[in-house]
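Let us walk through this model from the inside out.

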Amino acid sequence: MAITDDNRWAETEGAPDNLSSKLLHRYLDAVIELVTENPEVAQHFAEVSHLIKPAYQLFHPSILIRLFGRFIISFTQNRSET
């Protein structure tokens with residue numbers, strides 16, 4: 001989670017982010033938003049952060065479903081505003 005996080009800052013020297021790093025940042029930002037709202041997601045995140053579970057645990061189907069639902073809601077709201 002932290003390996004490419006430095007690249008979010010303009011002052012960072014080194015290779016720029018590639019597409020996969022940018023997508024991972026966006027995904028983790030969305031997961032962190034869910035952590036504040038959902039105890040199950042918070043549990044998964046805590047276990048990964050404390051190295052109890054592997055990082056791929058953040059791609060658990062229960063998290064993916066919630067993020068997909070959030071994306072659909074956001075997409076439909078934006079479409080109805082235009």
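A nonpolar core is a set of buried Ala, Val, Leu, Ile, Met, Phe, Trp, Tyr and Cys residues joined through side-chain atoms within 4.5 Å. Buried means under 20% relative accessible area, exposed means over 50%, and partly exposed is in between (1.4 Å probe, protein chains only). This is a predicted model: local features need pLDDT of at least 70, side-chain atom pairs count only at pLDDT 80 or more, and totals for chains, interfaces and linings use all residues. Residues are numbered from 1 along each chain as its sequence is written, and side-chain values use heavy atoms, with hydrogens and water left out.

Start with the largest nonpolar core. Its 10 residues are Tyr27, Leu28, Val31, Leu34, Val41, Phe45, Val48, Leu58, Ile63 and Leu67. Helix 1 (19-35), helix 2 (39-49) and helix 3 (61-81) each give two or more of them. Helices here are DSSP runs of H or I, at least four residues, numbered from the N terminus. Helix 1 gives the most, with 4 residues. In soluble globular proteins, nonpolar side chains tend to be buried together. Now look at Val41. Leaving out residues up to four places away in sequence, Val41 touches Val31, Leu34, Val35, Ile63 and Arg66; contact means heavy atoms within 4.5 Å.

Next comes the largest pocket. Its lining has 13 residues, with Arg26, Ala30, Leu67, Arg70 and Phe71 nearest the centre. Helix 3 gives the most to this lining, with 8 residues. On a 1 Å grid over the protein atoms alone, a pocket is an open set of points where a 1.4 Å probe fits, with protein on both sides within 12 Å along at least five of seven lines; lining residues have an atom within 4 Å of a point.

Which residues meet Arg70 and Glu33 in salt bridges? Arg70 and Glu33 meet each other, at 2.9 Å, N to O. A salt bridge puts a side-chain nitrogen of Lys or Arg within 4 Å of a carboxyl oxygen of Asp or Glu. Arg70 sits in helix 3 and Glu33 in helix 1, 37 residues apart. Glu37 also meets Arg70, at 2.4 Å. Glu37 lies in the loop between helix 1 and helix 2. Glu37 is exposed at 52% relative accessibility, while Arg70 is partly exposed at 26%. Arg66 forms a salt bridge with Glu40 at 3.4 Å. Arg66 lies in helix 3 and Glu40 in helix 2, so this pair ties together parts 26 residues apart in sequence. Shared partners join Glu33, Glu37 and Arg70 into one network.
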